[in-house]
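Colleague: I am new to this structure and would be grateful for a guided discussion of it. May we begin once it is shown?

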Amino acid sequence: MRKMTAPKLGKKIGSGTERVCYENPANPNTCLKVSKKDHSIQTLREIKYFKYLQKKKIQASFLPKFYGSYINDKYVILEQEYLRPDSEAETILLRAYIRRATQEDFIQLDQKLHEIKKEIIRLNVIISDIRTGNILLFVNQNRIVTRIVFLDGFGSPEFIPLPMYCPFFGKLKIERQWKKFMKRYNEEKATRLNLISKGA
């Protein structure tokens, strides 16, 4: 990781349990995920994993682009693609999209999710925490989902991360994580479809 004397941070755009995300005043196309150095386990794991993927020349559409990392006495910072709406598509979390989706929307969304799962397995990309609240959708003016991006949880937390290095164990882990995700997704989807059937 690159050394830096102090973080150059722009406007705050989000926060989580471990870190806060800011606009990058030096590059409008990236954002800075900032963790305190003594509370940076997740950020350090993700930085290590993104560097591993770079070395393997893996860059998937469902991953935010990784631009580098920084460290100083107080902070660990991950620089990545700034995922935001543009003239062609809005951005919305999957959880929020489900709450407004139509039956037709679910048909194409289910197909998109099926395609993403196949790509995750093919590339053996490990995402340890897949939830409707940490998946971002790009949706165009025709209500078509053009891109699905996972926001965090990258890498394998095991002390010996066999799923990262061995596709056999990777596929087992991906299938487990996906099964848990689909259970939650289908529950939220069923709630929405029930409201639609009632005319809500």
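**Cavity, backbone and rings**

Modeller: Helix α5, residues 167-197, contributes the most to the lining of the largest cavity, with three residues. Please bear in mind that this is a predicted model.

Colleague: How do the residues of its lining divide into nonpolar, polar and charged?

Modeller: The largest cavity is lined by I120, V125, I126, I127, I130, K173, I174 and Q177. Ile and Val count as nonpolar, and Lys counts as charged. The lining residues therefore divide into six nonpolar, one polar and one charged.

Colleague: Turning to the backbone, is K57 buried or exposed?

Modeller: Most residues other than glycine have a negative phi. K57 is not a glycine, yet its phi is positive, at about 60°. K57 sits in the loop between α1 (41-55) and β5 (66-71). Because its relative accessibility is 76%, K57 counts as exposed.

Colleague: And N124, which has a positive phi although it is not a glycine: what is its relative accessible area?

Modeller: The phi of N124 is about 55°. N124 belongs to the loop between α3 (103-123) and β8 (135-140). A residue counts as buried under 20% relative accessible area. N124 is buried, since its relative accessible area is 9%.

Colleague: How many residues apart in sequence are the parts that the pair of F50 and F66 ties together?

Modeller: The count of aromatic pairs comes to eight. Among them, F50 and F66 are stacked, with 5.2 Å centre to centre and 5° between the planes. F50 belongs to helix α1 and F66 to strand β5, so their pair ties together parts whose separation in sequence is 16 residues.

Colleague: Are F50 and F66 buried or exposed?

Modeller: Both F50 and F66 fall into one class. That class is buried.

Colleague: Which kind of aromatic pair do F62 and F150 form?

Modeller: The centres of F62 and F150 are 6.0 Å apart, with 90° between the planes. Planes over 60 degrees apart count as edge-to-face, so the pair of F62 and F150 is edge-to-face.

Colleague: Where do F62 and F150 lie?

Modeller: F62 is buried, as is F150. Their pair ties together parts that are 88 residues apart in sequence, because F62 lies in the loop between α1 and β5 and F150 in strand β9, residues 145-150.

Colleague: Which residues do ring pairs link into a cluster?

Modeller: A pair of aromatic rings is described by the distance of the centres and the angle of the planes. The cluster linked by ring pairs consists of Y49, Y52 and Y165.

How values were computed. Residues numbered from 1 in each chain as written. Predicted model: local features only at pLDDT ≥ 70, side-chain atom pairs only at ≥ 80, totals over all residues. Heavy atoms only, no water. 1 Å grid on protein atoms, 1.4 Å probe; cavity = no way out; pocket = protein on both sides within 12 Å on 5 of 7 lines; lining within 4 Å. Helix = DSSP H or I, 4+ residues; strand = E, 2+ residues; numbered from the N terminus. Buried < 20%, exposed > 50% of the residue type's maximum accessible area, 1.4 Å probe, protein only. Phe/Tyr/Trp six-rings, centres within 6.5 Å; stacked < 30°, edge-to-face > 60°.
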